[in-house]
Amino acid sequence: MERLRTPHYRRIQGMDGKVQSRAADIAMFASGRIKPKFIDHGPLDITTYDNKAVVTGVDHLGGTAYGHYSEMYLRFTDVWVRRDGRWQLVTQQATATAGF
């Protein structure tokens, strides 16, 4: 998980608009507060610009968050950059939606 994120990674949570740092995002999963059970990806739209890429799509995901199981669909935009021979995530934004 750490290798996939740039040092300046940020995630914008569409449900409340809060910005989460790389360290906080990694710690959230490492702590076990968030336990994904599955992620089903819908069709992805990927556009590349030299060493950058923008990926948009809808994910159906489920799992336990803070002790409660739930499922949802998230429409997302991810920005990736190719650094040191590999793709890394720069920023993510996701908003709850009705489905694919």
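Two strands are taken to pair if DSSP finds at least two bridges between them. Strands are DSSP runs (E, at least two residues), numbered from the N terminus. All views show a predicted model, in which local features need pLDDT of at least 70 and side-chain atom pairs count only at pLDDT 80 or more, while totals for chains, interfaces and linings use all residues. Residues are numbered from 1 along each chain as its sequence is written, and side-chain values use heavy atoms, with hydrogens and water left out.

**View 1. The hairpin of β4 and β5, with Y66 in its loop.** Strands β4 and β5 run antiparallel and are joined by 14 bridges. T64 has Y69 of β5 as its bridge partner. Two residues lie between the strands of this hairpin. Y66 has a positive phi of about 55° although it is not a glycine. With a relative accessible area of 54%, Y66 is exposed (exposed means over 50% and buried under 20%, with partly exposed in between, for a 1.4 Å probe and protein chains only).

**View 2. The hairpin of β3 and β4.** Strand β3 (residues 34-49) pairs with strand β4 (residues 52-65) in the antiparallel sense, over 13 bridges. Within this pairing, D45 stands opposite T56 in β4. The hairpin has two residues between its strands, and D50 in the turn has a positive phi of about 55°.

View 3. D78 is buried yet has no salt bridge, a salt bridge being a side-chain nitrogen of Lys or Arg within 4 Å of a carboxyl oxygen of Asp or Glu. The nearest side chain of opposite charge, R5, is 8.5 Å away; Lys and Arg count as positive and Asp and Glu as negative, whereas His and the chain ends are not counted. Not counting residues up to four places away in sequence, D78 touches A53, V54, V55, L89, T91 and Q92 (contact means heavy atoms within 4.5 Å).

**View 4. R5 in strand β1 and the ring of Y9.** R5 belongs to strand β1 (residues 5-13) and counts as buried because its relative accessibility is 9%. The charged end of R5 sits over the ring of Y9, 4.9 Å from its centre; this requires CZ of Arg or NZ of Lys within 6 Å of the ring centre and within 35 degrees of the ring normal. Beyond four places in sequence, R5 touches R22, D25, I26, Q88, L89 and Q92.

**View 5. D84 in the loop between β5 and β6 (86-97).** D84, a residue other than glycine, has a positive phi near 50°. D84 counts as exposed, at 70% relative accessibility.

Note on methods: Helix = DSSP H or I, 4+ residues; strand = E, 2+ residues; numbered from the N terminus.
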